[in-house]
Amino acid sequence: MITNTELENKGNLFPTKILNFKKDVDTLYFYTDNDVILQLKVVRDSVLRFRYTTVGNFDNDFSYAITKYASTGYNKLEIKGEEDKYIITTSKLRCEILKQGMRVSMYDVKDNTLINEDEIGFHWEESYEYGGNIVKMSKVSQDGESYYGLGDKPNHLNLKGKRYTNWVTDSYAYGKDTDPIYKDIPFYTGLHNNKAYGIFFDNTFQSFFDFAHERRNVTSFWAQGGEMNYYFFYGPKMTDVVESYTDLTGKPHQLPPMWALGFHQCKWSYYPEAKVKEITSTFRKLKIPCDAIYLDIDYMDGFRCFTWDKEHFPDPKRMVKELEDDGFKTVVIIDPGIKIDKDYWVFKEGLENDYFCKRADGAHMKGKVWPGECYFPDFTKPEVRDWWSGLFKELIEDIGVKGVWNDMNEPAVMEVPNKTFPDDVRHDYDGNPCSHRKAHNVYGMQMARATYHGLKKFRYPKRPFVITRAAYSGTQRYTSTWTGDNIASWEHLWIANIQAQRMAMSGFGFAGSDIGGFAEQPQGELFTRWIQLGIFHPFFRVHSSGDHGDQEPWAFDEDVTDIVRKFIEIRYQLLPYLYTAFWNYVDHGTPMLKSLVLYDQEDVHTHYRTDEFVFGEHILACPVLEPNAKGRRMYVPKGQWFNYWTDEVVKGGKEMWVDADIDSMPIFVKEGAIIPKYPIQQYVGEKEINEITLDVYYKKGKEDSELYSDANDGYDYTKGRYSLRNFRLTGRKNELIINQFKEGKYVTEYQDFRLIIHGLPFTIEEIEIDNQTISLERLSNDGIYSLVVDKNFSELHLKGNELN
Ligand code: GLC
């Protein structure tokens, strides 16, 4: 027994015997004699959807998580009935359903390996208190099985042995193991016998996952209401599982503008205008690259959304323009609570149009947040979302704000024990009226969605940028995210590293933490180590609560400033590399951060690693997570890797000590990689970029790398105006060949590539580009070879004599 209502213990109920089945194109229905129906839909050969009802018919099929752009279609679907079971076969999976008890098992169709099987399978308990059921599923946890995913859980990357709750919660100063926190991403990947599968439990009620915690050989998930409704994804590669889940729940609708991948500086709060300017001009004076400056709640008039405090910000339009002229994009916070104030236009509009949430008996949902007593828009109503989007017109179109930060959207309510709305609050849920029990976990997502549409409209033809704290599966389509109110501690640096990796394998890649910690104040050393990690997080922002001292890169001692600058500069150099990884994420759902298990699931050493990860396709990073460290031990995955700082080649597949004094961190580049780099800029677009550096790392054998470029903003890339360059490196004893394959219509600003050749085992005696021999004078060699070539070369050969 997993959970019971307190009021009445009805006990677990089970499907009895399947009496018959029906097939309707891609969907199969199995009927038991106690009114249970299993609806099994073949979404793709490797993706099946399981949906159960206990009352003989299904609710309206509606989900906020699933995107209309999800791929569908399969090559094969066969169903066969045997005496005791049904067998459904696709080109990837064989699914067996026992007639007695409806238990399901899943096999790899090719080699018959058992991938996943129901233990007691689907069962339920009636809820006397609310009506409906508590729906439950129990599966066998296989020998040596590991589990990953579930969004932002702040503990060990491998979920095995733990139980979790999904209930989006404002969690100021949460700690390791606090559960739940801000997000509900009910998706996990299971891995055993080198085969990975995923389960996405698309149910927005409070849900629970137990990974072999209560019983060693059982993994269960259940929810306080709604349907047992889950998707099963088969890999066997973990990356395929994550990509399939991301395909179903959506990739970001567009690439972020490139500036959003730069460095962001934030604090609660920078005001008045003179303070904001002091911060931005210090960045420029100290030559620390930065693209975005944030205004937290104090920019508003009494915390009223869509207003300005005119005393501190007398002319926001001028200020935003001046900041922009200096290369800074202004991002402002917008919370969901609307102050109850009959003279405030947003409140009046909301009230007149009946846009605010109400309690079961008709009164408005009233709760305290920063502005005092507030009403809250029902973002689950399409009309309300349209209204909300429209509210951004002045802020974005007229004042020129470039990004919006949605906070407190769990929704957070102050001074109440449950920190949010009571259960009885009513929601439209896009025409499927329900209580807060069902809508709670999607409230923040729908707010971010409405904000996104506002930005999209009023920023057009530029791309929108939104950031949210609360999220449900699918929120990645609209916005970036951060991990909420963490603490300036070494433990939180460990947590931040795990959360960013976990979010990446939960389909939500554009994520980062409050660098340095939100609550309390870091020492310079912790801040430095956190920046070092942060340069590898897609969302790269310093934020702090501000009441514990300053947290700008110059708030510590000069050494800190210099090291922080050096690392932020590396981030700016790597922008074309990160942008390419982002394009791969937007295009195929490929995670931008790969935990070692995602990178090499075959190697069991990776299954319990937490600290090391691969950024993009070829860079291995491992933060230093302890004070006073001169380096650390880390696991380098199989293959040969170049130390980023020294070019020393190491053979992976083992744990090793890596030197990393405070001005360094363990970074390795995979042999054969070609890493594109920009020159250092103070902000994206500062310089005209005529040349991109390609750091070429020799490998004996072949390796592919990519470089994606476009206008760095706007939508032209969706019409083919992008440039995708695929580089194939082939290394031999005394020859290095690079083939380039080009795609797309975009003419890049850069004309040339500067190749820097690392680790060449021979001296270059001959250069040939597209069948032409090139003078050796073009080659420079100051310990390392470099050569400038036209960006459109197709085939380049470097030949020479082997070094002794
Ligand atoms: C919440 C947010 C934090 C923000 C603060 C004030 O605590 O998580 O980032 O600075 O509210 O708006």
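**Close-up views of the predicted model**

**View 1. Cysteines without disulfides.** Zero disulfides are found in a search of the whole structure, which is a predicted model. Cys434 takes part in no disulfide, and its nearest cysteine sulfur, belonging to Cys357, lies 10 Å away. A disulfide would require the two sulfur atoms to be within 2.5 Å. Cys434 has a relative accessibility of 8% and therefore counts as buried. Cys95 is also buried, at 1% relative accessibility; the cut-off for this class is under 20%.

**View 2. Packing of helix α8 with helix α9.** Two packed helices are described by the distance between their axes and the angle between them. Helix α8 spans residues 490–504 and helix α9 spans residues 524–534; their axes come within 10 Å and cross at roughly 5°. Because of this angle, α8 is roughly parallel to α9, as angles under 35 degrees fall in that class. On the α8 side, the contact is made by Trp490, His492, Leu493, Ala496 and Asn497. Helix α9 contributes Glu525, Leu526, Arg529, Trp530 and Leu533. By type, the residues of this contact between α8 and α9 comprise six nonpolar, two polar and two charged.

**View 3. Asp562 in helix α10.** Asp562 belongs to helix α10, which covers residues 558–573. With a relative accessible area of 36%, Asp562 is partly exposed; this class lies between the limits of 20% and 50%. Asp562 and Gly235 are 327 residues apart along the chain, and 45 Å separates their C-alpha atoms.

Key
Residues numbered from 1 in each chain as written. Predicted model: local features only at pLDDT ≥ 70, side-chain atom pairs only at ≥ 80, totals over all residues. Heavy atoms only, no water. Helix = DSSP H or I, 4+ residues; strand = E, 2+ residues; numbered from the N terminus. Buried < 20%, exposed > 50% of the residue type's maximum accessible area, 1.4 Å probe, protein only. Axes fitted to C-alpha atoms, helices over the stretch in contact; angles between N-to-C directions. Parallel < 35°, antiparallel > 145°, perpendicular 65-115°, else oblique. Contact = heavy atoms within 4.5 Å. Nonpolar A, V, L, I, M, F, W, Y, C, P; charged D, E, K, R; others polar.
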